[in-house]
Amino acid sequence: MLKNPESFFRRLGANVRDLYRKHIFTDAKDVHGKPFSKRYSKGYIEIKKQKQQGGYKLNAPVLRGDLRLDFGSHFKPSANGFEMGWASQGAKIKWLKKRGRVLTDSKQAFPKHLEKYMSRELTKQYKKENPNKTTIHKIGKK
């Protein structure tokens, strides 16, 4: 048991949110770690070049930045973990998923490296608070 779990999950969640944004929007990879497709119509590529801000890769799911900025606007830490996601852009997530650009889904909410990061941080915090005990944490769904 963690001594101050809500504080821990607030900090962990903020770090995960930032790492997830980097993975999806800067590195331009889907939740499975695969680079996003670069298949766009010539017209859309021109629109993206004109409107895209922040130096993102052309294949990143960023046009004006609305999707990236909305990610993490829903963030709720608790004593058992944290919730985060898009507050108003959920329809875009479904639309992107239909086109093979999966940002998250029910089978895999986060990229594997972020699941490992969360597990390591939780284990590290637990060992810091309980140095003479052993525990195993499982993060993610079956």
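Of the 142 residues in this chain, 37% count as buried. The model is a predicted one. Its accessible surface amounts to about 9400 Å², and carbon and sulfur atoms account for 51% of that area.

The secondary structure consists of five helices and two strands.

Strand S1 covers residues 71–78, and strand S2 covers residues 81–86. A hairpin of two residues leads from S1 into S2. The strands pair in the antiparallel sense, and six bridges connect them. Two positions show how the strands line up. His-74 lies opposite Gly-85 of S2, while Phe-75 lies opposite Met-84 of S2.

How enclosed is strand S2 by the rest of the structure? A residue counts as buried when its relative accessible area is under 20%. By that cut-off, five of the six residues of S2 are buried, so this strand is largely enclosed by the rest of the structure.

Contacts can also be sorted by how far apart the residues are in sequence. Taking contacts between residues at least 6 apart in sequence, 58% join residues that are at least 24 apart. The hairpin, by comparison, links S1 to S2 through two residues.

Conventions. Residues are numbered from 1 along each chain as its sequence is written. This is a predicted model: local features need pLDDT of at least 70, side-chain atom pairs count only at pLDDT 80 or more; totals for chains, interfaces and linings use all residues. Side-chain values use heavy atoms; hydrogens and water are left out. Buried means under 20% relative accessible area, exposed over 50%, partly exposed in between (1.4 Å probe, protein chains only). Helices (H or I, at least four residues) and strands (E, at least two) are DSSP runs, numbered from the N terminus. Two strands pair if DSSP finds at least two bridges between them. Contact means heavy atoms within 4.5 Å. Accessible areas come from the Shrake-Rupley method with a 1.4 Å probe; for residues, only the protein chains shown count as cover.
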